[in-house]
Amino acid sequence: QVQLVESGGGLVQAGGSLRLSCAASGRTFSAYSMGWFRQTPGQEREFVARMLWSTGSTAYADSVKGRFTISRDNTKNTVYLQMNSLKPEDTAVYYCYAQQSGSVLSRAWGQGTQVTVSS
């Protein structure tokens, strides 16, 4: 079973930066992709960014392109989300996921970390 541990959330002023980390562990864990979603109260969880593990290919939501960067450390099964030029509308709980196959049914989720951007 995959376990994901997130860290790095917090409170920051608009225009500031934060870096989120997500470390995956598990005896048989092998990543197909890892990435991030976010959720605000009363809203559905929305896609933020993802990386395909085999190629390093990345994808981003339009709302974060040019401001957020997803990266990884293969040796640690860890994915990072560098968030720059943060805006109040980026305020949300950020959830890391790890997917072990092409099926979204294989996704495991982290516990979530709060990011609050003040204006």
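This is a predicted model: local features need pLDDT of at least 70, side-chain atom pairs count only at pLDDT 80 or more; totals for chains, interfaces and linings use all residues.
Strand E4, which spans residues 33-39, contributes several of the residues considered here. Ser-33 is placed in this strand and is buried, with a relative accessible area of 3%. Apart from its neighbours within four places in sequence, Ser-33 has contacts with Met-51, Leu-52 and Trp-53, and also with Tyr-97, Ala-98 and Gln-99. Trp-36, also located in strand E4, has a relative accessible area of 0% and is therefore classed as buried, the cut-off being under 20%. The C-alpha atom of Trp-36 is separated by 9.5 Å from that of Gly-110, although the two residues are 74 residues apart along the chain.

Side chains of opposite charge can pair when their charged atoms come close. In the model, 4 salt bridges are found. One of them joins the side chains of Arg-38 and Asp-90, with an N to O distance of 3.0 Å. Because Arg-38 belongs to strand E4 whereas Asp-90 lies in the loop between E8 and E9, this pair ties together parts that are 52 residues apart in sequence. Both Arg-38 and Asp-90 are buried. Asp-90 also meets the side chain of Arg-67 in a salt bridge, at 2.7 Å from N to O. Arg-67, like Asp-90, is buried. Together with Glu-46, the residues Arg-38, Arg-67 and Asp-90 are linked in a network of salt bridges. A further salt bridge is formed by Lys-65 and Asp-62, whose closest N and O atoms are 3.2 Å apart; Asp-62 counts as exposed, at 65% relative accessibility.

A pair of aromatic rings is described by the distance of the centres and the angle of the planes. The model contains 4 aromatic pairs. In one of these, Phe-37 and Phe-47 are arranged edge-to-face, with 5.7 Å from centre to centre and 75 degrees between the planes. Phe-37 is in strand E4 and Phe-47 in strand E5 (residues 46-52), so that the pair links distant parts of the chain, 10 residues apart. Phe-37 is buried, at a relative accessible area of 12%, whereas Phe-47 is partly exposed, at 28%. Phe-37 also forms an edge-to-face pair with Trp-109, for which the centre to centre distance is 5.3 Å and the angle between the planes is 75 degrees. Here the partners are 72 residues apart, Trp-109 being in strand E10 (residues 107-109), and Trp-109 is partly exposed with a relative accessible area of 34%. Ring pairs join Phe-37, Phe-47, Tyr-97 and Trp-109 into a cluster. Arg-45 lies over the face of Trp-109, at 4.7 Å from the ring centre, and over the face of Tyr-95, at 3.7 Å from the ring centre.

Most residues other than glycine have a negative phi. Asn-77, which is not a glycine, has a positive phi of about 50 degrees; this residue is placed in the loop between strand E7 (68-73) and strand E8 (78-83) and is partly exposed, with a relative accessible area of 24%. Ser-85 likewise has a positive phi, near 50 degrees, and is found in the loop between E8 and strand E9 (92-99), where Ser-85 is partly exposed at 41% relative accessible area.

Terms used:
Residues are numbered from 1 along each chain as its sequence is written. Side-chain values use heavy atoms; hydrogens and water are left out. Helices (H or I, at least four residues) and strands (E, at least two) are DSSP runs, numbered from the N terminus. Buried means under 20% relative accessible area, exposed over 50%, partly exposed in between (1.4 Å probe, protein chains only). Contact means heavy atoms within 4.5 Å. Rings of Phe, Tyr and Trp (its six-membered ring) pair if their centres lie within 6.5 Å; planes under 30 degrees apart count as stacked, over 60 as edge-to-face and the rest as tilted. A charge sits over a ring if NZ of Lys or CZ of Arg is within 6 Å of the ring centre and within 35 degrees of the ring normal.
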